[in-house]
Amino acid sequence: MTPATASRALTAALALALTCLAGAAQAHNVTPGDAGYIQEIWGWRPIPLLYLGAKHMVTGYDHILFLLGVVFFLYKMKDVAIYVSLFALGHSSTMLLGVWFGWGVNACIIDAIIGFSVLCKALDNLGKLEDWFGFQPDTRAATLVFGLFHGTGLATKILDHQIAEDGLLANLVSFNIGVELGQIAALAVILIVMGWWRRSPAFGRQAAAANWVMAAMGLGLMAFQINGYLAS
């Protein structure tokens with residue numbers, strides 16, 4: 001894979017995701033088949049729950065977009081590990097606690113905040129938060145906080161489908177492990193593509209364009225969810 005090929009692949013993926021956004025229902029939506037399985041399980045089912053957790057992560061465009069934004073300009077693996085760990089900590093905490101304690105939150109509000117997280121991270125990457133608002137957030141703290149919202153979104157969806165209490169904690173832990181495995185897989189692909197892309201002399205210009213696309217996607221997700229909330 002050449003740097004040009006890598007940049008075209010990532011740009012195409014972002015464009016495709018932007019096109020799909022218009023018809024998307026919820027960023028954390030659970031497919032009818034998966035929802036039916038969640039409602040029918042009884043007792044500990046580690047393998048299926050691992051699979052569902054990994055599937056949710058690798059098919060959740062909101063997670064992938066935010067993760068991409070977080071690592072976009074991180075060149076050291078130590079920094080990548082710190083930021084991804086903070087996101088995972090936030091995401092895991094509210095997913096587990098939200099389901100266990102039944103924290104129900106309006107899905108449209110949570111998904112609008114998740115869209116806001118994508119928008120903010122893209123604008124931060126572009127340096128626009130400081131230029132426009134004179135404010136530079138603590139990026140580590142912001143990653144953790146937005147991770148909390150991402151996890152709350154997933155907890156809300158799981159609660160909507162009334163997962164059985166028998167084996168609940170073990171199933172939630174299995175699901176969360178699957179989510180983290182899916183995150184590792186998605187991150188590996190992102191880092192491989194980014195590694196090739198960064199070798200391109202045009203990376204700086206293309207990176208700015210890619211972050212503007214991400215900002216548009218975050219704004220689009222926010223508008224879609226706010227409209228859904230007002231219409232409900």
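This is a short tour of the structure above, stop by stop, with something to select at each one.

**Before you start**

What you have open is a predicted model, where local features need pLDDT of at least 70, side-chain atom pairs count only at pLDDT 80 or more, and totals for chains, interfaces and linings use all residues. Residues are numbered from 1 along each chain as its sequence is written, and side-chain values use heavy atoms, with hydrogens and water left out.

**Stop 1: the whole chain**

Select everything and switch to a cartoon view. You'll find ten helices and zero strands; both are DSSP runs numbered from the N terminus, with at least four residues (H or I) for a helix and at least two (E) for a strand. Now try a surface: the chain exposes about 11100 Å², and carbon and sulfur atoms supply 69% of that. Such areas come from the Shrake-Rupley method with a 1.4 Å probe, and for residues only the protein chains shown count as cover.

How much of the chain is buried? Of its 232 residues, 47% are. Buried means under 20% relative accessible area, exposed means over 50%, and partly exposed is in between (1.4 Å probe, protein chains only). Among contacts with a separation of 6 or more, 87% are between residues 24 or more positions apart; a contact means heavy atoms within 4.5 Å.

**Stop 2: helix H3**

Select residues 46–59. These 14 residues make up H3, which reaches 20 Å from first C-alpha to last, close to the 20 Å expected at 1.5 Å a residue. (The expected span is 1.5 Å times one less than the number of residues.) Colour Leu49, Leu52, Gly53, His56 and Met57: they are the buried residues of H3. Look down the axis of H3 and these buried residues fall within an arc of 130°, so they line one face of the helix. That arc is taken from the directions from the helix axis to the C-beta atoms. On the other side of H3, Ile47, Tyr51 and Thr59 are exposed.

**Stop 3: Thr156**

Next, select Thr156 in helix H8, residues 139–160. Is Thr156 buried or exposed? With a relative accessible area of 3%, Thr156 is buried. Its side chain reaches the backbone oxygen of Thr152 at 2.9 Å. Leaving aside neighbours within four places in sequence, Thr156 is in contact with Trp103, Val105 and Ala107.

**Stop 4: the rings**

Show the aromatic side chains. The whole structure has eleven aromatic pairs. Rings of Phe, Tyr and Trp (its six-membered ring) pair if their centres lie within 6.5 Å; planes under 30 degrees apart count as stacked, over 60 as edge-to-face and the rest as tilted.

Zoom in on Phe116 and Phe146: their ring centres are 6.3 Å apart and their planes at 70°, so this pair is edge-to-face. It links Phe116 in helix H6 (residues 107–125) with Phe146 in helix H8, 30 residues apart. Phe116 is partly exposed at 38% relative accessible area, while Phe146 counts as buried at 14%. Then move to Trp132 and Trp212, a tilted pair with 6.2 Å centre to centre and 40° between the planes. Trp132 lies in helix H7 (residues 128–133) and Trp212 in helix H10, so the pair ties together parts 80 residues apart in sequence.

**Last stop: helix H10**

Finish with residues 203–231. The 29 residues of H10 should span 42 Å at 1.5 Å a residue, and its end C-alpha atoms are 41 Å apart, which agrees. Its buried residues include Phe203, Asn211 and Gln225.

Notes: A polar contact is a pair of N or O atoms within 3.5 Å; within protein, one must be able to donate a hydrogen and the other to accept it, and residues adjacent in sequence count only if both atoms are side-chain atoms.
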